[in-house]
Amino acid sequence: MSIKAIRGTKDILPSEVNTWTFIENVARCLFCQYGFDEIRTPIFEKTELFLSGIGEGSDIVQKEMYTFEDPKKNRITLRPEGTAPVIRAFLENHLPQMGALHKLFYLGPMFRYERPQKGRMRQFYQIGAEVLGVKAPLLDVDMMIFVHHFLKELGILNVTLKVNTLGSREDKIAYQNNLKDFLSAKKTHLCKDCQVRYEKNVLRVLDCSNQNCSSIVKEMTPLSEIIGPERREYFETVCLYLDKAGVPYEKDLYLVRGLDYYTDTVFEFLCSSLGAQNAIAAGGRYDNLVQTLGGKETPAFGFACGLERLILSLPEDFNLSQSRTGVYWIFLEDKARQSFFSRVQWMREKGWKAEMSYEDRSLKSQMRYADKNNFEWIFIIGQKELEEGKFQVKNLETHVEMDLREDELSHWLQRFENKDE
RNA sequence: GUGGGUGUAGCUCAGUGGUAGAGUGCUAGAUUGUGGCUCUAGUUGUCGCGGGUUCGAACCCCGUCACCCACCCCA
């Protein structure tokens with residue numbers, strides 16, 4: 001096979017797809033409990049949406065976007081994240097006029113041109129949510145409670161929640177300038193990467209893993225301590241609610257997020273079993289983005305979880321138990337097939353899972369197939385049964401065998417109907 | 001974009017210059033009509049690709065591609 005899947009993409013095979021749908025179903029179910037509605041946006045958008053939405057200085061825009069021209073020369077980008085498209089859809093479809101509070105969730109593939117590694121793909125899947133129209137500490141906390149609940153539901157327990165506040169946009173800009181002034185004298189002592197960060201995005205120097213850099217940065221008062229009293233109080237209330245909710249967390253005064261639009265509360269759930277890409281879910285408040293994208297000033301809070309990373313973090317013993325269901329019809333000769341294949345369809349229309357042997361193969365191999373595919377029952381029809389006008393029925397779980405006349409079939413189905421739901 | 005590791009059967013891997021291997025899977029059989037466990041047999045190869053060295057290369061050398069891990073960044 002010479003044509004292979006594109007670097008950083010992968011097939012989700014039948015053997016793993018159950019895990020995916022399981023996680024998706026848990027998410028949908030919880031979102032419903034928390035009062036969220038689903039929104040689906042296109043997977044590509046005009047490039048400019050992401051330029052103004054994510055910020056031109058961000059790494060995503062600088063080097064990670066799949067951008068191309070369509071035949072009419074429009075600049076198009078495969079969505080690298082879900083927030084900007086959701087806001088675009090929110091504004092374009094006049095949702096602000098439909099009420100003050102909007103709780104939306106989405107689920108689907110995102111695209112970033114990065115070097116693949118553990119927990120990082122070029123096409124990857126996110127489950128995310130955005131709440132528009134509310135600025136309240138309790139909402140911020142409710143979103144973290146949601147993620148905490150979601151992870152717990154999936155059995156992912158070895159997680160750490162880190163929270164911080166970035167203050168208002170003005171606080172952030174003022175602090176960026178302070179930081180630049182502060183670092184300008186010590187610039188030569190910073191690592192090579194940080195010297196680039198100094199020019200491009202100073203805030204990122206804060207969470208540099210280089211020890212030298214972090215010790216330099218620690219001499220400077222953290223952003224969260226110089227922001228206005230109103231914002232500080234807001235953040236303290238967030239922490240208070242987290243305490244009361246019993247959600248364990250750590251304040252990380254140097255936590256900075258990579259997307260430019262965040263203000264005030266930001267958070268990250270880290271998972272210890274993930275490797276280097278250990279952020280399993282992250283998000284925060286972005287009170288200026290709606291306005292940036294042409295709407296009225298609207299407070300907003302959002303987060304996203306990486307589905308591949310959720311799957312990597314699933315407990316070792318995670319196992320979707322599949323119970324046996326349905327009937328596999330084994331026809332041992334063509335005459336049996338001709339007489340009874342329509343009965344298979346008849347069962348399906350009554351809501352049963354039913355399959356049949358399409359061609360003559362040994363009984364043994366057909367039973368293996370039925371067993372491997374988790375059927376609960378097999379019906380065997382061969383020469384003997386045709387002559388005697390009945391089927392042989394076997395339960396693959398209990399090994400019980402019995403005979404069944406065709407006129408008893410309806411009654412038999414009724415008896416076991418509930419088992420197949 | 002940078003660094004390290006790995007490419008051999010469908011899968012997991014052994015094999016360091018002399019005939020291409022194991023386990024697992026798959027197929028069939030072990031009372032010619034009864035699954036899982038066991039046993040037996042069969043089955044699959046461009047040894048990533050291209051070049052070079054050699055009487056001879058899966059193995060050594062050069063190049064290249066892919067995958068994995070890490071840096072960067074992010075979910």
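Domain bounds here come from an automatic or database domain assignment. On that basis, chain A splits into domain 1 (14-168 + 227-313) and domain 2 (325-420). This is a predicted model, where local features need pLDDT of at least 70, side-chain atom pairs count only at pLDDT 80 or more, and totals for chains, interfaces and linings use all residues. Residues are numbered from 1 along each chain as its sequence is written, chains are lettered from A and ligands numbered from 1 in the order in which they are written, and side-chain values use heavy atoms, with hydrogens and water left out.

**Domains**
- The centres of domain 1 and domain 2, taken over C-alpha atoms, sit 49 Å apart.

**Who sits around the RNA**
- There are 53 residues around RNA strand B, and Arg 7, Arg 197, Arg 204, Gln 392 and His 399 come nearest; a residue counts as near if one of its heavy atoms lies within 4 Å of the strand.
- By type, the residues of this surface are 14 nonpolar, 14 polar and 25 charged (Ala, Val, Leu, Ile, Met, Phe, Trp, Tyr, Cys and Pro count as nonpolar, Asp, Glu, Lys and Arg as charged, and the others, Gly among them, as polar).

**Polar contacts with the RNA**
- A polar contact is a pair of N or O atoms within 3.5 Å; within protein, one must be able to donate a hydrogen and the other to accept it, and residues adjacent in sequence count only if both atoms are side-chain atoms.
- Arg 309 puts a polar side-chain atom 2.7 Å from a base oxygen of RNA strand B.
- Lys 384 uses its backbone instead: a polar atom there is 2.9 Å from a base oxygen of RNA strand B.
- Elements giving two or more residues to the surface near RNA strand B include helix 7 (192-200), helix 14 (363-372) and helix 15 (383-388), and helix 14 provides the largest share, 7 residues.
- Helices (H or I, at least four residues) and strands (E, at least two) are DSSP runs, numbered from the N terminus.

**Helix 5**
- Helix 5 (residues 137-153) has 17 residues and reaches 24 Å from its first C-alpha to its last, close to the 24 Å expected (1.5 Å times one less than its number of residues).
- Its buried residues (under 20% relative accessible area, 1.4 Å probe, protein chains only) include Leu 139, Met 143, Phe 146 and Phe 150.
- After helix 5 comes Gly 155, with a positive phi near 80 degrees.

**Cys 32**
- Cys 32 lies in helix 1 (residues 14-33).
- Its relative accessible area is 60%, so Cys 32 is exposed (over 50%).
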